[in-house]
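Visitor: I would like to learn how to read a protein model. Please take me through a few features, one by one.

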Amino acid sequence: MVRFTGRFFAPVLYLAATAAFAQQGRRAQPPEFQSPEVRDDRTIAFRIYAPEAKSARVSSSDLPNANPFGRGIEMTKDDNGVWEATVGPVPSGSYRYAFDVDGLSVIDPRNPATSEANTNTWSLLHVGGSEFSDLKDVPHGAVAEVAYFSKSLDRFRRMHVYTPPGYETGTDKLPVFYLLHGATDSDASWSSIGRAGRVLDNLIAEGKAKPMVVVMPMGHTGPFRFGAPGGDFQRQMTEFTTEFASDLKPLVEERYRVSGERSETAIAGLSMGGAQTIDIAMANLDEYGYIGVFSSGVFGIGGSGPGASADSPGATWEKRSTEILDSAALKDGLKLVWFATGKDDFLLPTTRETVKVLEAHGFDVTYKETEGGHTWINWREHYLPEFVSLLFRDEAR
């Protein structure tokens with residue numbers, strides 16, 4: 001019989017445990033690799049370690065052939081268990097993406113950069129070379145995450161607020177620009193995937209934009225998904241426009257050093273945010289000097305697009321808004337009404353019909369149909385820079 005004394009048994013157990021943990025660690029340790037790898041030629045390599053997986057794909061709302069509502073981009077696995085896919089070259093700018101591993105959606109474990117949406121998070125990357133959204137050696141403003149209590153919704157809410165370089169030490173009141181996001185996104189979207197802070201920094205540094213405060217609110221009042229009952233979507237639209245007027249805008253004018261004058265107040269939004277922009281601005285037209293609508297319009301107008309039906313709010317919008325639409329007094333002081341939508345955008349008919357109605361009622365609308373579709377490439381790299389460059393200038397028209 002073998003007997004172990006306490007002095008001998010403890011070191012043996014320690015050495016055995018150490019060897020076991022070391023062996024286990026070697027088995028669990030993945031190989032070294034980078035993801036994403038953004039190359040000089042603007043191609044991007046995506047990688048994820050999943051040795052036991054049967055399939056893996058990359059999905060993205062903006063990358064070519066990576067539509068998250070389709071199949072995405074198929075990845076291939078090497079002998080070390082690392083799946084890889086390469087896309088591009090792609091235009092300069094930022095992109096969100098996620099992996100689908102055996103049907104499970106996951107963000108990139110090797111990439112700490114993320115973009116928060118309404119009910120999920122995306123991994124985030126940036127491809128350099130953008131005229132407007134790159135990080136450049138210029139004076140920088142700040143983007144703050146701001147919590148506030150919404151009395152109309154009876155709960156805490158959040159917004160992101162950009163203040164320009166020198167705001168902390170200044171005394172003058174500044175113009176304010178309310179910038180709204182689209183469906184499924186959040187108040188963080190314009191400052192992450194939209195890089196609004198970088199765009200404003202660069203435009204201000206070049207003298208192409210006036211220093212301004214940019215307020216990016218949360219446009220959803222609850223979880224949202226495509227295909228949800230239309231009543232829930234309309235309820236959220238109504239709740240947000242009510243909260244915006246009763247809680248958010250007064251709070252901004254109280255807490256921040258902004259003018260609040262009509263000639264120094266702008267509002268714009270993309271997609272859902274564009275429809276909300278129209279709702280908010282038309283209900284209080286005497287408060288806004290500049291209105292921008294990106295890839296959007298009145299949903300359901302003319303019997304087409306989201307929420308279309310004979311008795312939908314969009315279908316009856318012109319009739320219900322006639323008094324405002326025909327008011328010459330309200331148009332006096334309105335410096336800019338600006339629309340832009342891509343030729344491949346599914347909301348193009350909605351935009352065209354909305355512009356048609358506004359022009360029929362005497363609004364001077366600046367309207368552009370651009371290349372591309374319903375993507376951040378248009379909103380971030382084209383529409384936002386052009387619209388911002390027109391704000392708070394006498395020659396806006």
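Guide: Start inside: the largest cavity has a volume of about 30 Å³. This is a predicted model, where local features need pLDDT of at least 70 and side-chain atom pairs need 80 or more, while totals for chains, interfaces and linings use all residues. Residues are numbered from 1 along each chain as its sequence is written, and side-chain values use heavy atoms, without hydrogens and water.

Visitor: How is a cavity found?

Guide: Rolling a probe the size of a water molecule over the atoms shows where empty space is left. On a 1 Å grid over the protein atoms alone, a cavity is a set of points where a 1.4 Å probe fits but cannot get out. The volume is the space filled by probe spheres set on the points, which are joined across faces, edges and corners.

Visitor: Which residues line the largest cavity?

Guide: Lining residues have an atom within 4 Å of a point. Here they are I278, A281, M282, I291, V337, F339 and L358. Two elements give two or more residues each: α4 (272-283) and β17 (336-342). Helices (H or I, at least four residues) and strands (E, at least two) are DSSP runs, numbered from the N terminus. The largest share, three residues, comes from α4.

Visitor: Now a strand. Are the residues of β3 buried or exposed?

Guide: Buried means under 20% relative accessible area, exposed over 50%, partly exposed in between (1.4 Å probe, protein chains only). In β3 (residues 56-59), A56 and V58 on one side and R57 and S59 on the other are all buried.

Visitor: Which strands pair with β3?

Guide: Two strands pair if DSSP finds at least two bridges between them. β3 pairs with β7 (residues 93-101) in the antiparallel sense over four bridges. β3 also pairs with β4 (residues 73-74), antiparallel, over two bridges. R57 stands opposite D100 in β7, and its bridge partner in β4 is E74.

Visitor: How many aromatic pairs are there?

Guide: Rings of Phe, Tyr and Trp (its six-membered ring) pair if their centres lie within 6.5 Å; planes under 30 degrees apart count as stacked, over 60 as edge-to-face and the rest as tilted. The structure holds 14 such pairs. In one of them, W190 and W376 have ring centres 4.9 Å apart and planes at 85°, so the pair is edge-to-face. W190 lies in the loop between β13 (176-180) and α2 (196-205) and W376 in helix α9 (residues 376-390), so the pair ties together parts 186 residues apart in sequence.

Definitions and conventions
On a 1 Å grid over the protein atoms alone, a cavity is a set of points where a 1.4 Å probe fits but cannot get out, and a pocket is an open set with protein on both sides within 12 Å along at least five of seven lines; lining residues have an atom within 4 Å of a point.
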